[in-house]
Amino acid sequence: MRGWQPLQKLLEADEGPSTPLAAGRRLTATSSAPGFRPPTILTAHVLAPYPPGFARHLFDENPVPTLRLVNALLRARVRARHWRGVFLLARLRVPPDAFTLPLLLKSCAMLPSLAHGRAVHALAVRSCAAFADAFVAAALVQMYAKCSDMVASVNAHNAFEKPEMVLRTSVVTGHEQNGMAQEALDFFARNVVGQGVKPNSVTVVSVAQACSLALDVEEGKRVHHIAVKLGCELEMTVATALVDMYMKCSCHEKAMQLFCRMPKKDAVAWAAVISGLTQNGLPDESMRTFKCMLLDGPVPDAVTMVKVLAACSESGVLRQAFCLHGYLVNAGFCDKIFVAAALVDLYSKCGNLGSAVRVFESATEKDVVTWSSMIAGYGIHGLGQQAVALYQRMVASSIRPNSQTFVSLLSACSHSGLVQEGKSIFKSMTQVYGITPNIEHCGAMVDLFGRAGEFHEATELLYEMGGTADAHTWCALLAACRTHRVTDMSEVVAAKLLKLDPDHVGYYNLLTNIYAFDEKWDSVKETRGIIRDKGLNKVPGISAVEINNVLHTFTAGERSHQDWEKISTLLWELSPKLRGDDCFFQSDTHMVFADF
């Protein structure tokens with residue numbers, strides 16, 4: 001064996017990630033000599049970093065595989081993401097150890113396969129590694145979380161006598177990734193804070209993300225305080241998670257304060273701010289932040305650019321859209337499917353449907369998101385027939401629609417009055433594609449029935465929803481009552497709506513206008529009193545128009561525009577002409593009433 005030591009040291013030196021093939025080639029060249037059979041320890045050095053095919057070839061050269069060789073082969077499979085190939089161990093019948101089990105469990109998680117995971121769990125229990133080895137226990141917790149079985153994940157955590165921080169963090173992360181934000185926060189409070197265990201920065205990131213999901217800013221502030229005490233507040237991953245949390249909890253000022261204090265900012269941090277400002281109704285601020293990123297920050301990646309496109313679509317400035325599209329072409333991002341989908345959405349919301357269609361048709365690959373974006377674009381422009389035709393073309397192209405596709409499609413049918421098409425599509429969603437309708441689907445159908453005056457169908461669907469309808473759904477029905485002047489039903493709908501969202505001034509104004517049309521002045525007075533007592537104020541409406549590459553904005557009730565007098569004079573002159581017999585314009589003044 002002494003003669004093998006120099007070669008073994010050479011292989012160990014070549015074990016780095018940049019030179020695995022060199023090591024394999026040296027061993028392959030040496031193994032071509034007649035009668036050569038490399039020792040197990042040498043083969044294991046090459047197996048792990050080598051491509052799975054050649055790793056298996058070297059593995060088969062050993063007549064009696066050892067556990068070390070099996071683990072090396074499994075690592076080669078895992079690195080190549082050949083998850084199904086990892087289950088080679090089951091055929092070899094080599095008893096697993098604490099190195100084997102995490103590899104098997106990771107493969108189960110990535111497939112994901114709960115049945116395989118349970119079988120590996122049984123192996124871990126039989127070898128006692130599930131209760132004694134922290135790496136195996138963490139892999140068990142993560143596997144069950146990836147397979148969406150959080151009960152088993154928590155049980156695996158509880159079975160470990162002295163769980164380390166990585167194990168507790170895995171449970172918090174598992175709850176958060178499965179949409180169980182409150183459970184994640186409860187577990188953290190009970191098993192970390194409650195037991196006086198000191199969390200680490202990874203734990204802080206997971207809990208901050210759970211706060212974002214739960215929209216719990218108070219708990220988020222407590223997590224921020226913990227990060228300050230730990231001294232990790234300004235670490236890039238922690239600060240980014242906290243910034244994202246504050247943005248999603250509508251505390252953009254605190255988010256920006258923390259962002260400005262960050263010593264280093266990567267593309268993910270900039271993307272969190274750009275996206276967060278847009279979500280908080282500040283698309284112009286979002287675009288200014290993007291300009292700062294171009295000047296002083298890292299080079300934007302494709303994900304960041306999608307956030308920027310979303311900000312631009314909210315502001316609706318077509319010139320910016322063209323500039324961003326040119327930047328994407330120069331940066332080489334346009335060949336990415338999700339960028340094409342974002343561009344389609346951008347042009348649709350900026351009012352340039354022709355450009356949206358050209359981007360869609362020129363895309364070499366179209367996934368379900370791209371198709372859904374184009375369907376939504378037709379819906380925004382009131383072209384329901386074209387949306388339905390595109391959906392049929394999508395199905396004919398063997399693209400399976402998802403939940404968001406049907407939201408866009410049903411909304412398009414609603415805005416175009418396509419009742420029968422909407423009914424048929426809603427029925428096929430469950431019967432053909434097995435998609436369970438959610439609040440958005442049902443809300444779109446209620447809006448569709450309400451606009452068409454089919455109130456019996458609308459109320460029947462609301463009854464089938466079993467009380468899960470949100471305020472937006474009830475508001476759609478109330479607006480339909482206003483349009484069709486169904487005053488009796490409007491009072492019932494308004495009562496339900498104001499119970500769900502008692503501080504939305506727009507709902508009170510809508511109800512007041514309905515009362516005014518029906519000349520129920522006492523009810524008008526009462527509703528106005530509620531608005532006054534609650535101190536509610538209507539957010540002024542803002543409109544914008546782009547003329548000669550200049551964006552002009554107008555706020556209701558204000559006269560700040562430099563050409564306000566000229567615009568008012570022109571409107572005064574046009575008013576009699578609009579009311580003339582030769583003009584198709586017809587204003588609806590039935591529901592005009594004073595805003596409060």
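Which residues form one aromatic cluster? In this predicted model, the cluster is made up of Tyr 391, Phe 406 and Tyr 433. The protein chain has 34 helices, along with two strands. Of its 596 residues, 44% are buried. Take the contacts between residues at least 6 apart in sequence: 59% of them join residues at least 24 apart.

Now for the rings. A pair of aromatic rings is described by how far apart the centres are and by the angle between the planes. The structure holds six aromatic pairs. One of them joins Phe 290 and Tyr 327, which sit edge-to-face, with 6.4 Å from centre to centre and 90 degrees between the planes. This pair links distant parts of the chain, since Phe 290 belongs to helix α19 (residues 283-296) and Tyr 327 to helix α21 (residues 318-331), 37 residues apart. Phe 290 counts as buried because its relative accessibility is 5%, under the 20% cut-off. Tyr 327, at 27%, is partly exposed.

Phe 360 and Trp 371 make another pair: their ring centres are 5.1 Å apart and their planes meet at 80 degrees, so this one is edge-to-face too. Here as well, distant parts of the chain are linked, with Phe 360 in helix α23 (residues 353-362) and Trp 371 in helix α24 (residues 368-380), eleven residues apart. Both Phe 360 and Trp 371 are buried. Phe 360 also has a charged neighbour, as Lys 366 lies over the face of its ring at 5.2 Å from the ring centre. Elsewhere, Lys 265 lies over the face of Phe 259, at 5.2 Å from the ring centre.

What about charges meeting charges? Side chains of opposite charge can pair when their charged atoms come close. A search of the whole structure turns up eleven salt bridges. In one of these, Asp 149 pairs with Arg 118, and the closest N and O atoms are 3.5 Å apart. Asp 149 sits in the loop between α10 (134-146) and α11 (150-159), while Arg 118 is in helix α8 (residues 114-126), so the bridge ties together parts that are 31 residues apart in sequence. Asp 149 is buried, with a relative accessible area of 17%, whereas Arg 118 is partly exposed at 47%.

Lys 349 and Asp 345 also form a salt bridge, with 3.4 Å between the closest N and O atoms. These two are separated by about one helical turn, because they are four residues apart in helix α22 (residues 337-349). Lys 349 is partly exposed at 38%, and Asp 345 is partly exposed at 22%.

Lys 423 and Glu 454 meet in a salt bridge as well, 3.8 Å from N to O. Lys 423 is in helix α27 (residues 419-431) and Glu 454 in the loop between α28 (439-451) and α29 (455-464), so parts 31 residues apart in sequence get tied together. Through salt bridges that share partners, Lys 423, Glu 454 and Glu 457 are joined into one network.

Finally, the surface. Ile 567, Leu 570, Leu 571, Leu 574 and Leu 578 make a nonpolar surface patch of about 410 Å². Among them, Leu 574 is found in helix α34 (residues 564-578) and is partly exposed, at 36% relative accessibility.

Technical notes: Residues numbered from 1 in each chain as written. Predicted model: local features only at pLDDT ≥ 70, side-chain atom pairs only at ≥ 80, totals over all residues. Heavy atoms only, no water. Buried < 20%, exposed > 50% of the residue type's maximum accessible area, 1.4 Å probe, protein only. Contact = heavy atoms within 4.5 Å. Phe/Tyr/Trp six-rings, centres within 6.5 Å; stacked < 30°, edge-to-face > 60°. Lys NZ or Arg CZ within 6 Å of the ring centre and 35° of its normal. Patch = residues over 30% accessible without salt bridge, like charges linked within 9 Å, V, L, I, M, F, W, Y side chains within 5 Å. Areas by Shrake-Rupley, 256 points an atom, 1.4 Å probe, with all protein chains shown as cover. Salt bridge = Lys/Arg side-chain N within 4 Å of Asp/Glu carboxyl O.
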